[in-house]
Amino acid sequence: MNLRPPANRVDPRARRWWSAQAWASLAAPMLLVALTMFVLSLLFFPSALGWLGPLLLVVLVVPGLLYALVMPSWRYRVHAWELGSKAVYAASGWFWQKHRVTPLSRVQTVDTTQGPIQRAFGLATVVVTTASTHGDVKIAGLAAEDAEDLARRIGEAAEVVPGDAT
């Protein structure tokens, strides 16, 4: 079954947030390891540079740069959300994409969260908790004010939808 994409995109600042996360968590450490190995090889094992240089490029430098430069835009194209009269629909991911439709009758709690990097960009995440074993529905990359408003709207909508008898 193919679902249409949700109607609302996340905030455009989410690309910069994901970019900062990528550099802090993966790309910068990979480049630092590659540079360290290159310098140590240059100082102590110069004859290894013929094979180590290309290996570092293929294993650390190119993947680190690709991740930091490609992932934020790709993720922005995927991440979206929609609040309907009976369900919350969220699409997330980038390489592995997830589309979740959560009935409002199953909503238990709605929260907003902000990590330090997210806060620096004025963004927040709405977390919709249900009894599902598949975990929470997260709508990441919203403007902080929009996240608070969406959390309130989901909570209000969930109150008026009758619960399932299952």
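## Stop 1: a residue on the helix

Select L65: its relative accessibility is 33%, so it counts as partly exposed (between under 20%, buried, and over 50%, exposed; 1.4 Å probe, protein chains only). L65 sits in helix α2. This is a predicted model: local features need pLDDT of at least 70, side-chain atom pairs count only at pLDDT 80 or more, and totals for chains, interfaces and linings use all residues. Numbering starts from 1 along each chain as its sequence is written, and side-chain values use heavy atoms, without hydrogens and water.

## Stop 2: the nonpolar patch

Helix α2 (residues 49-78) supplies the largest share, 10 residues.

## Stop 3: the largest pocket

Select R75, H79, A90, S92, G93, K98, R100, D136, V137, K138 and A140. They line the largest pocket, whose volume is about 210 Å³. β3, β4 (97-103) and β7 each give at least two lining residues.

## Stop 4: the second largest pocket

Which element gives the most to the lining here? β4 does, with 4 residues. Select R100, V101, T102, P103, R106, T130, A131, S132 and H134 to show the whole lining. The volume is about 160 Å³.

How values were computed:
On a 1 Å grid over the protein atoms alone, a cavity is a set of points where a 1.4 Å probe fits but cannot get out, and a pocket is an open set with protein on both sides within 12 Å along at least five of seven lines; lining residues have an atom within 4 Å of a point. Grid points are joined across faces, edges and corners, and a volume is the space filled by probe spheres set on the points.
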